Amino acid sequence: MSDDYLVRIGKLIRDARQHRGWTQSQLAEALATSQSAVNRIERGNQNISLEMIARIGEALDSEIVSLGYAGPMHLRVVGGRRLSGSIDVKTSKNACVALLCASLLNKGRTVLRRVARIEEVYRLLEVLNSIGVRTRWINEGTDLEIVPPARLDMDAIDADAARRTRSIIMFLGPLLHRMDRFKLPYAGGCDLGTRTIEPHMIALRRFGLEIAATEGIYHAQVDHSVTPGRPIVLTERGDTVTENALLAAARHDGTTVIRNASSNYMVQDLCFFLEALGIRVDGIGTTTLTVRGVPHIDVDVDYSPSEDPVEAMSLLAAAVVTESELTIRRVPIEFLEIELAVLEEMGVDCDRTTEYAADNGRTRLVDLTVRPSKLEAPIDKIHPMPFPGLNIDNVPFFAAIAASAHGQTLIHDWVYDNRAIYLTDLNRLGGRLQLLDPHRVLVDGPTRWRAAEMMCPPALRPAVVVLLAMMAAEGTSVLRNVYVINRGYEELAERLNSVGAQIEIFRDI
């Protein structure tokens with residue numbers, strides 16, 4: 001590599017390390033090398049192999065290089081432009097990954113309609129393909145066909161792909177009915193602090209699953225004589241915890257009652273899919289689910305997941321912070337009603353159409369039109385709650401919206417350890433956000449956004465919030481290494497460009 005390339009790679013590595021919150025010594029420990037070697041790499045004073053770059057990228061959960069391409073993807077944003085026209089909401093990322101995991105329950109052919117073509121889905125497909133599941137995109141690449149093998153080859157699992165998605169944890173529920181023992185790599189995903197799997201284990205032990213964790217691997221063993229004799233009470237009303245319990249209950253030959261269950265959008269979509277497999281689920285949309293399982297499932301099923309309320313919130317926030325008039329179509333309104341109530345109290349001018357059904361026949365949709373508005377800070381703090389409260393993943397968007405409002409807003413993101421910290425990246429763009437503690441941020445508005453060049457935060461929603469602020473800032477901004485955005489959004493830059501944004505995708509190595 002030339003000296004110029006080494007310096008540029010070193011800068012990318014340094015920025016990714018700093019955004020992870022690591023010291024050079026911590027990165028050196030993860031790579032089993034010395035701090036001085038990391039220092040030389042970051043200054044561009046040491047030759048570095050592609051293998052080492054890949055190892056560094058894995059350690060930092062950052063796409064330092066993308067083999068087969070010119071390098072990691074960046075965005076150049078010309079801000080200060082007004083959006084106009086209309087844009088459709090894509091299908092739910094979180095529902096799609098749950099349904100991919102749920103396809104392991106079925107010995108027949110599964111077709112999922114309008115699947116989100118995002119990195120999180122691609123990682124799960126790589127895992128499924130590695131263990132013998134055949135998948136292919138059909139109908140001009142819009143739908144996904146999934147055909148399982150007679151026997152899954154868990155020894156051949158793609159560990160690298162599995163470690164890059166936390167969704168791999170939802171393999172536990174389906175797999176415990178298929179084999180006596182198996183191994184899964186540790187779950188990865190966004191850098192949002194320590195996230196224990198103990199709530200999953202409390203639920204799944206009731207089906208005989210025990211796990212020992214050693215050297216980055218979950219070693220699972222199943223005692224098939226153990227069955228849940230009484231209702232399962234989840235210690236955390238989490239989405240993936242509820243989904244794992246549902247996936248385990250789906251093939252349990254009997255009735256399972258799950259209490260303190262999440263009733264969020266992706267859980268409901270999973271329940272609708274399980275019903276298409278022939279499983280009866282009572283209590284959908286409530287915190288008590290009763291599942292009458294089917295021990296053997298071999299059906300051809302065709303299912304359409306609903307639209308993504310978090311993407312809808314992203315697009316709504318884009319309109320608000322750029323002071324635009326924009327119509328957002330196919331919004332799953334029942335999962336945004338609290339957010340809209342808060343925004344209307346802040347002064348957001350929007351109206352909605354009458355409700356209509358999503359393609360799954362169950363979820364209620366509307367089209368929303370947002371107009372430029374004079375915003376006031378909310379009286380109460382912004383904080384998430386389990387559905388039907390304000391969605392956990394929608395909280396970060398209120399940081400950019402609050403920064404556009406007159407007054408002071410307290411945002412309390414109590415769920416994740418690091419996410420509030422990442423929101424302070426908005427200060428690089430002119431925001432005035434004060435971090436009170438790892439969970440609370442005080443936002444002063446209104447903000448005169450200014451352009452900047454910066455590294456993408458290593459968490460999905462804060463990364464998109466930074467992009468939206470760049471769209472509002474006069475001048476040209478650069479957001480580097482946007483792999484994390486591609487994990488959760490399909491062609492976001494291109495779609496925002498279709499309604500008036502000016503975002504250029506480029507690679508510099």
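**Exercise 1. Find what N394 touches, leaving aside its neighbours within four places in sequence.**

Step 1. Apply the cut-off: contact means heavy atoms within 4.5 Å.
Step 2. List the partners. N394 is in contact with P309, V310, M313, L336 and E339.
Step 3. N394 lies in the loop between β17 and α14. Helices (H or I, at least four residues) and strands (E, at least two) are DSSP runs, numbered from the N terminus.
Step 4. N394 is buried, with a relative accessible area of 0%. Buried means under 20% relative accessible area, exposed over 50%, partly exposed in between (1.4 Å probe, protein chains only).

This is a predicted model: local features need pLDDT of at least 70, side-chain atom pairs count only at pLDDT 80 or more, and totals for chains, interfaces and linings use all residues. Residues are numbered from 1 along each chain as its sequence is written, and side-chain values use heavy atoms, with hydrogens and water left out.

**Exercise 2. Work out how the buried residues of α13 are arranged.**

Step 1. Pick them out. Helix α13 spans residues 337-346, and E339, L340, L343 and M346 are buried there.
Step 2. Look down the axis. The buried residues fall within an arc of 115 degrees, so they line one face of the helix. The arc is taken from the directions from the helix axis to the C-beta atoms.
Step 3. Find the cover. It includes α12 (309-321), β15 (349-352), β17 (364-371) and α14 (397-403).
Step 4. Step past the end. G347 follows α13, and its phi is positive, near 110 degrees.

**Exercise 3. Describe the largest nonpolar core.**

Step 1. Define it: a set of buried Ala, Val, Leu, Ile, Met, Phe, Trp, Tyr and Cys residues joined through side-chain atoms within 4.5 Å.
Step 2. The core has 152 residues; F171, F182, L184, L479 and I485 touch the most other members.
Step 3. Find the main contributor. Helix α16 (residues 460-472) gives the largest share, eleven residues.
Step 4. Look for another. A second, separate core of 16 residues includes L6, I13, V38 and L60.
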